[in-house]
Amino acid sequence: MIRESLTAAIGSALDAMGLEPRPDVHLERPARREHGDWSTNVALASKGIHGRNPREFAADLVAQLESQNVAHVDSLEIAGPGFVNFRLADTWLFDVLVDVIDAGDTYGKPDIGAGRKVLVEFVSSNPTGPLHAGHARGAIYGDALSRLFEATGHDVTREFYINDRGVQMQNFAASLSAMRAGESVPADGYAGPYVAKWAAEMPADADPFEWGYERCLGYIDETLRRLGVTFDSWFSERSMVGGGSIEEALTDLRERGVVVEAEGALWLRSTDFGDDKDRVLVKSDGEFTYITPDIAYHRNKYARGFSLLINVFGADHHGYVTRLRAAVEALGHDPDELEVRITQMVRLERDGEEVKIGKRSGVFIELADLIDEVGADATRFTYLLQGIDSQQTVDLAAMAARSMENPVYYVQMAHARACSILRKESAEGFRRPALADADLTLLSDARELDVLRAISEMNDVMILAVRDRAPHKVITWLRELAAAFHGFFHDCYVFGNDTSPEVTTARLWLVEASRSTLASGLGIVGVSAPEEL
RNA sequence: GCCCUCGUAGCUCAGGGGAUAGAGCAGUGGCCUCCGGAGCCAUGAGCGCAGGUUCGAAUCCUGCCGAGGGCGCCA
């Protein structure tokens, strides 16, 4: 690949110049085409090593590179304070096309993980009611991140932690019972319409706790599946109570001397590990606080041999992060292996009016309703448009629109158009020569080359997206690729009246490569790639 | 009061310490004998404020202002 060959060429040029120690070489795609196809700032960045004027150093570097006759490189120039810009022949883009066709679905997916075991915990909502729209961001982000890890060679486990023990579950069961008996729900109970609906379904002899638990979790799973989100593992909090692992965690903490008894309670000395106050583990009434099973849960995660733990939390739980990290550190684990990603809130609008979400607000939008209204693909794509660090505002009508202004439709349309051209190829009975026999140099239109340039960026985008845990970078790139393809589609007819068979052949291979890359990219974010819309 | 995230074009948002900060929508103006005009092209407008680090800052650091969220022996 071109990045590797250019990096290697610069490296050996630096060696030939006797630069010690050899600096890291950063190659980038300049924002402006006038600055060439590729650019390196190494003459600037290594000023501390060579101590020379960066432009003079760059001149020597260019001379070295020119003597190497690097493949595809047309010309080199020094620009600005000391950048070295590479201007490449279009032939490098034809290699990209060949790479895509050869690699198929594996194109642009670097093996960064080398099988590294990653646990992604997300959603983990209480099994006391349906998922609502507020859960969508975490669900979609967690799943897309998992897909991104998988696509880059990681061994991913998606896990849902079930808080199936404690006061909330008891309130929920009590509410079901009361509703079933025609009584009003307890003061701290659940009163949403779904409770009445489920209570009516509940058999008279059912245990409301167990029945409600199954009913609710089944519905959560069903809703998530409709979004294309499936979990490999459902981890029950109750399972730890029966198995004694909470007690083991407490014993472990005691032996490590990081707990203290005071005021009738057992406290974790979390201030020793960066927390701003110590936390109660066992209340004076003998009950655990909510953090105690969680400590045991995370102790279990480490014990299962994952080398990276990722927790996706909503912004309303961010205050919990410090004490959780303090707790795992108190257990002697490396807190750097635990990464907590916080998703900021999403404001849903309809006609400019905020649509309220929240179980207790009366008019909450169930996630299932959202999927009904806009569809799984549009929901996923829209929620992934932006990074999770920013609060997001989305309009339901815009999300559901079946027009090119809707980014999900725009990208899927590019794929569908590619498919329509390939269908036309069959319909016309066109006999396309093998790729090796195609003359790709006929792809000389700026539109054609722009498509190849966009395709060529996939590998770099994947590296950055997984490094930054940022699936939205894949989305941004997909939109650019789709834009390039639409431009090509508009200006370069594959079966035009005055298109020669040779040009048709080259363009068909370009269409094939585009279709493959679009489908692959959509797969990484979990959005379908229909052949027709 | 303390902690977290954010502040970029009229709106929704991209932006890897690099060169003249990008895209969509909205606005204005162009372009339809042919693969889907559900489109394509052009055009105006912007880094909250003030310092600092650096050859170079939207990006890193500090302070201020503004928005959202969080600070329990609740989960």
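# Briefing: a protein chain with RNA strand B

A backbone N or O atom of Asn 497 lies 3.2 Å from a base oxygen of RNA strand B. That is a polar contact, a pair of N or O atoms within 3.5 Å; within protein, one must be able to donate a hydrogen and the other to accept it, and residues adjacent in sequence count only if both atoms are side-chain atoms. This is a predicted model, in which local features need pLDDT of at least 70 and side-chain atom pairs count only at pLDDT 80 or more, while totals for chains, interfaces and linings use all residues. Residues are numbered from 1 along each chain as its sequence is written, chains are lettered from A and ligands numbered from 1 in the order in which they are written, and side-chain values use heavy atoms, with hydrogens and water left out.

**Around RNA strand B**

- RNA strand B is surrounded by 59 residues. The closest are His 318, Asp 389, Met 404, Tyr 409 and Phe 489. A residue is near the strand if one of its heavy atoms lies within 4 Å of it.
- The residues of this surface divide into 23 nonpolar, 24 polar and twelve charged. Here Ala, Val, Leu, Ile, Met, Phe, Trp, Tyr, Cys and Pro count as nonpolar, Asp, Glu, Lys and Arg as charged, and the others, Gly among them, as polar.
- β4 (83-88), β9 (265-268), β15 (392-395), α17 (407-428) and α20 (472-491) each supply at least two residues of the surface. Helices (H or I, at least four residues) and strands (E, at least two) are DSSP runs, numbered from the N terminus.
- Sugar or phosphate accounts for 54% of the atoms of RNA strand B within 4 Å of the protein. The rest belong to bases.
- The side chain of Tyr 410 has an N or O atom 3.0 Å from a phosphate oxygen of RNA strand B.

- Most residues other than glycine have a negative phi.
- Glu 263 has a positive phi, near 55°. Glu 263 sits in the loop between β8 (259-262) and β9.
- A backbone N or O atom of Glu 263 is 3.1 Å from a base nitrogen of RNA strand B.
- Glu 263 is exposed, with a relative accessible area of 71%. Buried means under 20% relative accessible area, exposed over 50%, and partly exposed in between (1.4 Å probe, protein chains only).
- Ser 124 also has a positive phi, near 40°. Ser 124 belongs to the loop between β5 (117-121) and α6 (136-151). Ser 124 counts as buried, at 16% relative accessibility.

**Aromatic rings**

- The structure holds 16 aromatic pairs. Rings of Phe, Tyr and Trp (its six-membered ring) pair if their centres lie within 6.5 Å; planes under 30 degrees apart count as stacked, over 60 as edge-to-face and the rest as tilted.
- One of the pairs is Phe 430 with Phe 495, edge-to-face, 5.8 Å centre to centre and 80° between the planes. This pair links distant parts of the chain, 65 residues apart. Phe 430 is in the loop between α17 and α18 (446-456), and Phe 495 in the loop between α20 and α21 (501-524).
- Phe 430 counts as partly exposed, at 23% relative accessibility.
- Phe 172, Tyr 190, Tyr 194, Trp 198 and Tyr 219 form a cluster linked by ring pairs.
- Arg 238 lies over the face of Tyr 213, 4.8 Å from the ring centre. For such a charge, NZ of Lys or CZ of Arg is within 6 Å of the ring centre and within 35 degrees of the ring normal.

**Salt bridges**

- The count comes to 41 salt bridges. Each is a side-chain nitrogen of Lys or Arg within 4 Å of a carboxyl oxygen of Asp or Glu.
- Asp 460 and Arg 3 form a salt bridge, with the closest N and O atoms 2.7 Å apart. Asp 460 is in helix α19 (residues 458-467) and Arg 3 in helix α1 (residues 2-16), 457 residues apart. Asp 460 counts as buried at 17% relative accessibility, and Arg 3 as partly exposed at 24%.
- Arg 226 meets Asp 372 in a salt bridge of 2.6 Å, N to O. Arg 226 is in helix α9 (residues 208-226) and Asp 372 in helix α14 (residues 367-374), so the pair ties together parts 146 residues apart in sequence.
- Arg 432 forms a salt bridge with Glu 425, the closest N and O atoms being 2.9 Å apart. Arg 432 also lies over the face of Trp 509, at 4.5 Å from the ring centre. Glu 425 is buried, with a relative accessible area of 9%.
- A network of salt bridges links Asp 143, Arg 147, Glu 150, Arg 158 and Arg 380.
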